[in-house]
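Dear colleague,

Please find the structure below, handed over for your own work.

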Amino acid sequence: MKNVRETLMKYLFLLCACVSILAVILICVFLFANGIPAIGEIGVFKFLLGERWKPGNDIYGILPFILGSIYVTAGAIVIGVPVGIFTAVFMARFCPSRLYRFMKPAIDLLAGIPSVVYGFFGMVVLVPFVREFFGRTLGFGGNGSSMFTASVMLGIMILPTIISVGESAIRAVPNSYYEGSLALGATHERSVFFTVLPAAKSGILAGVILGIGRAIGETMAVIMIAGNQPRMPKGLFKGVRTLTSNIVMEMGYATDLHREALIATAVVLFVFILLINLSFSILKRRGANG
């Protein structure tokens with residue numbers, strides 16, 4: 001009876017794994033089957049390097065959206081990654097138990113807030129603040145809906161992922177590493193930052209990659225605060241449109257080549273995510289070999 005049960009569970013787990021793989025394959029087939037012909041019809045270079053997006057004139061250039069996604073994601077990395085890593089270090093090695101009992105649920109709650117709520121917060125709080133302080137007080141101009149505002153918002157949104165994964169990675173480092181560093185005369189701070197943190201770099205990097213994936217794939221919050229202007233990015237405090245925003249805003253009424261061009265945009269976004277994951281795998285392999 002026990003052998004039969006183990007066999008059934010083994011095949012059940014195998015079935016679940018196959019379903020997951022099949023889902024990924026179906027998504028890839030759908031995207032590439034519908035997107036590649038559109039790219040071929042428009043022209044690879046016209047599509048990827050074109051600076052104008054005018055569906056009414058059958059002009060489909062997504063370079064402004066590619067740059068918009070890259071710039072906004074880069075801004076989120078600059079803002080969110082240092083804060084997330086240092087917060088993870090604090091929670092794992094410096095945080096008093098009383099404060100930890102408050103901070104841990106707060107971080108988990110931050111991870112569970114819907115994107116539209118983040119976007120509404122950005123519209124009500126961040127956009128007016130950026131407009132008044134950076135636009136009028138400091139003289140940078142703009143109406144507040146800008147690349148900078150979207151970067152700040154995404155930097156906040158990726159914090160829970162980086163903090164949670166980073167903290168788990170730091171806590172997974174054997175305590176003997178820390179104790180050995182102390183035994184050699186290092187201070188608590190030097191032991192954490194020069195012994196424990198390098199040992200946890202693989203897990204921390206995984207959290208950063210997951211955060212980047214969320215930032216580049218975020219849609220609703222970016223739509224609400226980024227300005228959504230289908231043009232080349234003009235500056236940090238000017239409006240911008242990302243790949244995801246372009247797809248969501250126009251898919252509802254798109255037909256024929258316009259619809260296929262939007263699916264092709266999703267293909268480009270999908271390739272970006274694959275490249276990010278591939279880069280992480282290469283870095284992780286080099287770290288393991290090193």
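**Findings**

In the protein, the mean positions of the 24 positive and 13 negative charges lie 7 Å apart. Lys and Arg are counted as positive and Asp and Glu as negative, with His and the chain ends not counted; each charge is placed at NZ of Lys, CZ of Arg, CG of Asp or CD of Glu.

Please note that this is a predicted model, in which local features need pLDDT of at least 70 and side-chain atom pairs count only at pLDDT 80 or more, while totals for chains, interfaces and linings use all residues. Residues are numbered from 1 along each chain as its sequence is written, and side-chain values use heavy atoms, with hydrogens and water left out.

**Overall form**

The protein has 13 helices and 2 strands, taken as DSSP runs numbered from the N terminus (helices: H or I, at least four residues; strands: E, at least two). Its C-alpha trace spans about 70 × 70 × 35 Å along the principal axes. Of the 290 residues, 40% are buried (buried is under 20% relative accessible area, exposed over 50%, and partly exposed in between, with a 1.4 Å probe and protein chains only). The accessible surface is about 15800 Å², and carbon and sulfur atoms hold 69% of that surface; the areas come from the Shrake-Rupley method with a 1.4 Å probe, and for residues only the protein chains shown count as cover. Among contacts with a separation of 6 or more, 72% join residues 24 or more positions apart, a contact being heavy atoms within 4.5 Å.

Helix α6 (residues 147–157) is mostly covered, with 10 of its 11 residues buried. Among them are Met 147, Phe 148, Leu 154 and Met 157. The buried residues of α6 pack against α3, α5 (115–137), α7, α10 and α11 (220–225).

Glu 167 belongs to helix α7 (residues 159–172). Glu 167 is buried, at a relative accessible area of 3%. Not counting residues up to four places away in sequence, Glu 167 touches Ala 88, Met 91, Ala 92, Tyr 100 and Lys 104.

Ile 59 lies in strand β2 (residues 59–60) and is partly exposed, with a relative accessible area of 24%. Leaving aside neighbours within four places in sequence, Ile 59 is in contact with Arg 52, Trp 53 and Lys 54. The C-alpha atoms of Ile 59 and Ile 42 are 8.2 Å apart, for a distance of 17 residues along the chain.

**Cavity and pocket**

Grid points are joined across faces, edges and corners, and a volume is the space filled by probe spheres set on the points.

There is 1 cavity of 30 Å³ or more. The largest cavity holds about 40 Å³ of space, and its lining includes Ser 69, Leu 154, Glu 218 and Thr 244. Helix α3 gives the largest share of that lining, 3 residues.

The largest pocket has a volume of about 150 Å³. The residues that line the largest pocket include Phe 32, Val 44, Ile 66 and Phe 272. Two or more lining residues come from each of α1 (2–42), α2 (44–49) and α13 (256–289), and α13 supplies the largest share, 5 residues.

Key. 1 Å grid on protein atoms, 1.4 Å probe; cavity = no way out; pocket = protein on both sides within 12 Å on 5 of 7 lines; lining within 4 Å.
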